[in-house]
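Please open the structure in a viewer and keep the selection tool at hand. The stops below each name what to select and then describe what is there.

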Amino acid sequence: MRARARLLGPVLVLAMALPTSVLYSVGAVGAQITATFGVSRAALGVLPAAVFGTAAVLSLWSGGLVDRLGARTALLTLFGVAAAAFVLMGSAAGYAGLVAAMVLSGVGQALSNPATNLAITENLDPDERAGAVGRKQAGVQLSALVVGLAAPLLTELAGWRAVLLAGAPLALAALAVTAARVPARPAPRRPFTWRPARPNRFLALLMVFLAALGCGVSAVATFATLYGQERLHQSAGTSAVLIAALGIAGVVSRLLWSRHAAALTVLSPLLRRLAVCAAGSAILIWAAAGLGPVALWAGTIGVGATAVGANAVTMVLIVRDRRCGPLGPSSALLSLGFFTGFVAGPIPLGAIADTFGYGLAWLAVAALFLLAAAIARRVLRYELAGRGDPLPELVTAGSRGSRR
């Protein structure tokens, strides 16, 4: 099993990293996109919203589909779609083509969490799973690190479109490795139905928690670099490295917080503390207008160390606590919550920045993180109520075969 874990690791990291790298790529070359296509900051926010809006809608069915296909086939589909999306993204002739590429990328995003979580449970022993979840969730922020470091060089050497094209060869390589090395599931496959999955109250609270976090994280990832250039007069290269700093903080936090979560009996107090600290980080970004770039960097890194890490902790929770229901549908629904936040965040917060300035936008981000902290207090009641009890079936996954 441990040899299989080493084999699966890079595949799972790329499955999480490639679809989400679109968000950070748009943030890294946001100034060039707005200048090339003559669009507003709100229109820039439409691009990540298109990715995560598509992923949010498809998450109603992607979990059941992944259960039906098995992890290997789902991963092959994900990497194939990702490669096509990157090619279209980098070659789009106009803004509408770029939006279409983002929609295609959202298909891969919808598959990422259910496919990787199912691969972990199909191939790894229970004592290996929490660590594997943390590592693969860290792949999301690893993409921010790689994009932030590579974007200035790629833009200088080959233009900003090269940043958007760079994921294609990685997706094709991951496709080849998955086809050659990831084992097919021997177990019978569950039937699939087009009836959407429905969350129970426990899972629904976690979804709303992640939606509030997703709003704030997407705003920081999309607009922090543009804010640094427009208000703090940072260079494009320096602002792109800010995305890398967010990525480093996210990688470390997801690894450390998921490992810490594996040793805890109840996880919602940790989620609440992370959300409160994320609100403080957003306040630092707001204060950067008066304090200077140091506050922007500290706040951005703080969001990566807290709000981004909280996403991994919730994934550990649903892998461990099966009261949320069958893993494929519950993973997809939890992703739906996070994706909804990513959709709901960039456009209105970009519009706030256009109309009232960045200050009010960053205060709105802080308020969203505080809302997440308040929701985590309600999650605690559900966690405590279920301790020591049998695990009832509390989710309707949309198919008879997926119920447990």
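This is a predicted model: local features need pLDDT of at least 70, side-chain atom pairs count only at pLDDT 80 or more; totals for chains, interfaces and linings use all residues.

A crossing of two helices is called left-handed if the near helix is turned anticlockwise from the far one by less than a right angle, and right-handed if clockwise.

**First stop: helices α9 and α11**

Select residues 201-230, helix α9, together with residues 268-291, helix α11. The two axes lie 12 Å apart, and the helices pack at an angle of about 25°. Angles under 35 degrees count as roughly parallel, and α9 and α11 are therefore roughly parallel to each other. In the viewer, α9 passes α11 in a left-handed crossing. To display the contact, show Leu206, Phe209, Val220 and Tyr227 on α9, and Leu271, Ala275, Ile285, Trp286, Ala288 and Ala289 on α11. By class, this contact of α9 with α11 comprises 10 nonpolar residues, with no polar and no charged ones.

**Second stop: the nonpolar core**

Which residues have the most contacts inside the largest nonpolar core? They are Phe209 and Phe369, in a core of 120 residues. Helix α9 supplies the largest share of this core, 17 residues. Now select Phe369 and display its surroundings: beyond residues up to four places away in sequence, Phe369 touches Leu213, Gly216, Val217, Ala275, Ala278, Ala279, Ala282, Val303 and Ala307.

Move to helix α12, residues 293-320, and select Thr306 within it. Is this residue buried or exposed? Thr306 has a relative accessible area of 10% and is therefore buried, the cut-off for that class being under 20%. Leaving aside residues up to four places away in sequence, Thr306 touches Leu274, Cys277, Ala278 and Ser281.

Next, select Val51 in helix α3, which spans residues 41-69. Val51 counts as buried because its relative accessibility is 1%. Its contacts, apart from residues up to four places away in sequence, are Val22, Met102, Ser105 and Gly106.

The contact of α3 with α14 consists of eight nonpolar residues, one polar residue and two charged residues.

Technical notes. Residues are numbered from 1 along each chain as its sequence is written. Side-chain values use heavy atoms; hydrogens and water are left out. Axes are lines fitted to C-alpha atoms, for helices over the stretch in contact, and angles run from 0 to 180 degrees between N-to-C directions. Helices (H or I, at least four residues) and strands (E, at least two) are DSSP runs, numbered from the N terminus. Angles under 35 degrees count as roughly parallel, over 145 as roughly antiparallel, 65 to 115 as roughly perpendicular and the rest as oblique. Contact means heavy atoms within 4.5 Å. Ala, Val, Leu, Ile, Met, Phe, Trp, Tyr, Cys and Pro count as nonpolar, Asp, Glu, Lys and Arg as charged, and the others, Gly among them, as polar. A nonpolar core is a set of buried Ala, Val, Leu, Ile, Met, Phe, Trp, Tyr and Cys residues joined through side-chain atoms within 4.5 Å. Buried means under 20% relative accessible area, exposed over 50%, partly exposed in between (1.4 Å probe, protein chains only).
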